Protein chains: 2
Amino acid sequence: MITSPTLILDTEKVKKNIKRMMTKANELNVELRPHFKTHQSHEIGRWFRDSGVQGITVSSIKMAEYFCYDGWSSITIAFPVNILEANRLDDLAEKIDIRVLATHFEVLRRLNDSISNEIGVYIELDPGYNRSGIPIDEFETLLQLKSFILDSDKLRFEGFYTHAGHSYKCRSKKEIEELVHPILEDLAKLKNEFNDPICFGDTPSCSVLDDFGSISQISPGNFVFYDWTQFNIGSCNIEDIGVAMFCPVVAKYPRRNELLIHGGAVHFSKDSFTDESGNTLFGVVTNKEESGWGKVIDGVSLKSISQEHGIIQCTPFYFNEVHIGDIIPILPIHSCLMADLMGGYVTPNNENIDHLSLKIYLK
Amino acid sequence: MITSPTLILDTEKVKKNIKRMMTKANELNVELRPHFKTHQSHEIGRWFRDSGVQGITVSSIKMAEYFCYDGWSSITIAFPVNILEANRLDDLAEKIDIRVLATHFEVLRRLNDSISNEIGVYIELDPGYNRSGIPIDEFETLLQLKSFILDSDKLRFEGFYTHAGHSYKCRSKKEIEELVHPILEDLAKLKNEFNDPICFGDTPSCSVLDDFGSISQISPGNFVFYDWTQFNIGSCNIEDIGVAMFCPVVAKYPRRNELLIHGGAVHFSKDSFTDESGNTLFGVVTNKEESGWGKVIDGVSLKSISQEHGIIQCTPFYFNEVHIGDIIPILPIHSCLMADLMGGYVTPNNENIDHLSLKIYLK
């Protein structure tokens with residue numbers, strides 16, 4: 001019985017999301033190296049393995065260690081290599097195929113001097129997102145970095161890695177395509193010049209593209225769960241969203257048609273979504289059903305949160321329907337951060353699913 | 001040696017913050033029942049105990065259980081009672097003095113029928129924050145709730161509880177006073193009518209007020225650490241901020257004068273601060289010093305974060321000073337959420353301090 005905020009995972013939906021992306025990767029002849037930062041779970045990782053996935057992507061060395069422990073033998077840490085962690089990387093590289101991203105000579109030189117086991121290196125490209133990586137058109141820098149890697153006997157050149165995170169600003173399939181097509185053209189020129197593997201990965205692009213051009217690997221992550229933001233970007237249908245937070249209604253305030261739930265920033269994260277009318281949402285309320293959750297309820301949303309409190313703005317009809325002690329399912333704005341905060345999942349059949357943060361019994 | 005994002009706690013500053021609030025409470029003759037949701041730590045809790053604190057405040061039953069385990073014998077769960085947790089509450093009430101907030105008859109009736117041990121009840125008042133509680137001027141409702149509690153042989157009336165969370169919107173001591181004084185006047189009228197204890201608590205009010213009027217208990221939480229938001233509200237000096245995240249510099253991007261650090265939403269939280277020029281900040285960069293951190297560096301801030309990545313906007317001077325592999329201390333926008341995410345603290349002397357979420361070895 002649910003009595004406090006609980007992150008429910010719909011096994012069928014999640015497995016369907018995995019299968020859909022895997023089928024697409026197979027059909028379009030690219031290797032799916034899914035990003036596991038979204039779920040951070042051994043068990044969910046095994047569902048990917050059952051679908052045929054062999055290599056994965058993570059965003060920290062701790063995550064790499066966690067998945068190495070569960071038998072994954074090829075892991076990309078999709079972050080410019082942190083030279084302070086060279087020893088930990090070297091330890092991992094002794095056991096499995098570890099790959100990192102590189103953007104600086106100096107770091108590659110220091111990495112090369114610090115390790116005794118072979119480490120794979122992708123050069124990270126910045127496709128205009130301005131987060132990290134070398135601009136795609138800086139061929140000379142890319143060439144110099146590549147030469148250095150090729151000359152090293154401890155670094156193994158894996159090709160190029162790029163993440164078009166600015167696709168999260170899109171609001172339709174068309175907008176995603178308009179953003180990504182020029183990037184794909186740039187990558188085609190790069191492929192032409194270097195003829196090396198290119199890994200590309202963000203959930204919006206990977207969800208909507210029907211042709212990956214010169215790309216040979218993809219590494220989306222969020223698609224395993226999707227969320228309200230991805231639905232609004234145009235990456236998925238509402239029915240594809242695979243996780244929801246179930247929260248108890250603790251108080252009702254008739255003067256303002258609002259409910260107080262137990263469910264706040266330590267459960268949902270402070271990530272928010274601004275809708276067309278300019279309203280800020282921290283979650284979207286759905287109907288509760290026997291087997292999980294159902295349709296989104298128009299006009300009802302999580303409008304504000306503090307550390308443990310959440311305020312649900314209601315329609316008068318919904319306000320009257322809901323009672324104190326009810327449990328209401330709320331779709332996440334950003335499923336990755338919600339999962340990281342909750343540190344575990346529960347299925348509608350009340351089975352626990354692990355998460356790196358291991359907080360399932362603590363909240 | 002720090003190699004990944006690490007939450008450093010300055011023991012001296014934190015102990016000074018505790019002592020300052022305790023001294024004030026003693027001088028103004030109110031009981032300090034500090035809110036422990038900010039630190040969620042047994043060890044930091046003991047520093048409060050050493051200062052003479054006897055009763056505490058938390059925001060979930062899990063937190064109450066955590067602090068009961070460390071010997072606290074009087075705990076307020078500052079949340080309208082969640083009737084679904086009545087059994088867990090009853091178990092706690094068998095061991096210690098547990099107090100909850102109430103806003104609804106129906107819930108009190110069900111609570112009364114579900115427990116066998118005595119539970120203390122504060123009626124929660126809404127001072128205009130519109131989060132939870134009964135408006136202060138609804139005397140009739142308050143009277144009816146109070147009568148019900150007095151008539152019950154399992155519920156013990158503790159008085160009134162109120163949290164003026166809208167003080168977080170203030171931007172000076174004067175603005176805090178202008179917001180809080182009318183609330184204090186309303187509470188004085190209530191005191192006149194009911195003559196029951198009133199507990200009041202938010203860090204801005206408790207930090208700046210020199211007179212608590214008819215209030216007999218205060219329960220601020222954030223003051224133990226403070227943060228960049230509290231400094232801007234007018235609650236503290238920059239030097240009072242007791243925690244900072246130490247993050248490694250992983251890459252430098254000269255074209256845009258920006259650094260990439262390991263340090264993102266899973267470390268800082270997505271809470272942000274908008275400065276006077278309309279810039280969004282996720283953290284504020286300071287100088288690193290032998291014993292911890294020093295002065296804030298003008299024009300250098302954490303301007304954007306994703307799950308694990310953080311982008312530091314630099315001045316040209318700072319950009320040239322900083323090197324890949326350096327560790328930079330960053331003051332939090334919201335220390336409570338940062339501590340919850342990090343699940344542990346490290347002192348400059350490399351001692352670990354516990355947190356309910358116990359993630360210190362995991363990130």
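Which residue takes a positive phi just after helix 3 of chain A? Select Gly71(A): its phi is about 95°. Helices (H or I, at least four residues) and strands (E, at least two) are DSSP runs numbered from the N terminus.

The model is predicted, with local features requiring pLDDT of at least 70 and side-chain atom pairs pLDDT 80 or more, while totals for chains, interfaces and linings use all residues. Residues are numbered from 1 along each chain as its sequence is written, and chains are lettered from A and ligands numbered from 1 in the order in which they are written.

Next, select helix 3 itself, residues 61–69 of chain A. Its buried residues (20 or more other C-beta atoms within 10 Å of their own, C-beta atoms being placed from the backbone) are Ile61(A), Met63(A), Ala64(A), Tyr66(A) and Phe67(A). They pack against helix 2 (42–50), strand 3 (56–58), strand 4 (74–80), helix 4 (86–95) and strand 5 (97–102) of chain A.

Now display both chains. In chain B, 46 residues are in contact (C-beta atoms, placed from the backbone, within 7 Å) with 46 residues of chain A. Elements of chain B that each supply at least two residues to this side include strand 11 (243–253), helix 10 (265–268) and helix 12 (335–342).

Key:
A residue is buried if 20 or more other C-beta atoms lie within 10 Å of its own, exposed if 12 or fewer, and partly exposed in between; C-beta atoms are placed from the backbone. Two residues are in contact if their C-beta atoms, placed from the backbone, lie within 7 Å.
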